[in-house]
Amino acid sequence: MAAAFADLNVPGAPERKSLQSLLEAAAHLGYSTVAINHVIDFKEKKQEIVKPISLSELFPSLPIVQGKSKPIKIVTRLTLVVSDPSHCNVLRSTSTNIRLYDIIAVFPKTEKLFHVACTNLDVDLICINVTEKLPFYFRRPPVNMAIDRGIYFELLYTPAIKDSTMRRYTISNALSLMQICKGKNIIISSAAERKPERLHSGWCTRRKPPEHQRRKVFSQSARKPRLKYEDQTQLLSFHKVLSSHATHPQFFDALF
């Protein structure tokens, strides 16, 4: 059976053309499903949870997935960045707009909030910080409870190809999580904001593909010409951490 790839973190951009370019690039790279991510950070000025973007506003007809001959599936995602317990109250509310999103994610900034997200919050995804050293250690009981509840943990690969410091944190934090969850319920997303070249083929974050597929991996990238050597090397460094623990998950079967 052919691999089905999803990128569940394509940031919603205020410029329509930028978002359209990202979605077209994702279809070109063979992604069957992408999620347009709307982020609410409660540390910033008061923000309202708006209705998710209407797909009819983006495309008269959806881009065709390369190699699939069918249109890409686009879903909506809401991510809440929480740094105080009171920020979680919005998830317990009966907000009509929240219920309009297909995926609900939470980005906890403290160990206490990470524990609450794993054990109590009604969410689909828990985001893991990969741009700096984690302020706490992962503990097995809450992580296992989250897995039992069907919650997934999200790691981003884009920071790993931006600079060496973030790449070091990405690998370190990913390894810490993998050691606790044993590779279960992990997804890898891009968060490729405004730059289609930050998107990469799904094979780049999967176990080493067959040789005939390896030759295609980087040539299918949105970057023209092929990916720079340093980008390939940085992605493969991240791949080494993940490949011995997990394969690309069949995340949310209903999305495919």
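1. A nonpolar core here is a set of buried Ala, Val, Leu, Ile, Met, Phe, Trp, Tyr and Cys residues joined through side-chain atoms within 4.5 Å; buried means under 20% relative accessible area, with a 1.4 Å probe and protein chains only. The model is predicted: local features need pLDDT of at least 70, side-chain atom pairs count only at pLDDT 80 or more, and totals for chains, interfaces and linings use all residues. Residues are numbered from 1 along each chain as its sequence is written, and side-chain values use heavy atoms, leaving out hydrogens and water.

2. The largest nonpolar core has 39 residues, of which F114, I126 and F153 touch the most other members. Elements that each supply at least two of its residues include β3 (73-82), β4 (103-108) and α4 (111-119). Contact means heavy atoms within 4.5 Å. Beyond four places in sequence, F114 touches P108, I126, I128, F136, F138, V143 and F153.

3. A second, separate core of 20 residues has A13, L19, Y31 and I188 among its members.

4. Helices α5 (residues 140-148) and α6 (residues 164-181) have axes that come within 9 Å and cross at roughly 75°. Axes are lines fitted to C-alpha atoms, for helices over the stretch in contact, with angles from 0 to 180 degrees between N-to-C directions. The pair is therefore roughly perpendicular, a term covering 65 to 115 degrees. R140, V143, N144 and I147 of α5 meet Q179, I180 and C181 of α6.

5. Mean pLDDT (the predictor's confidence in each residue, from 0 to 100) is 77 for the protein, and 73% of residues reach 70 or more. Over residues 203-241 pLDDT stays under 50.

Notes
Helices (H or I, at least four residues) and strands (E, at least two) are DSSP runs, numbered from the N terminus. Angles under 35 degrees count as roughly parallel, over 145 as roughly antiparallel, 65 to 115 as roughly perpendicular and the rest as oblique. Buried means under 20% relative accessible area, exposed over 50%, partly exposed in between (1.4 Å probe, protein chains only).
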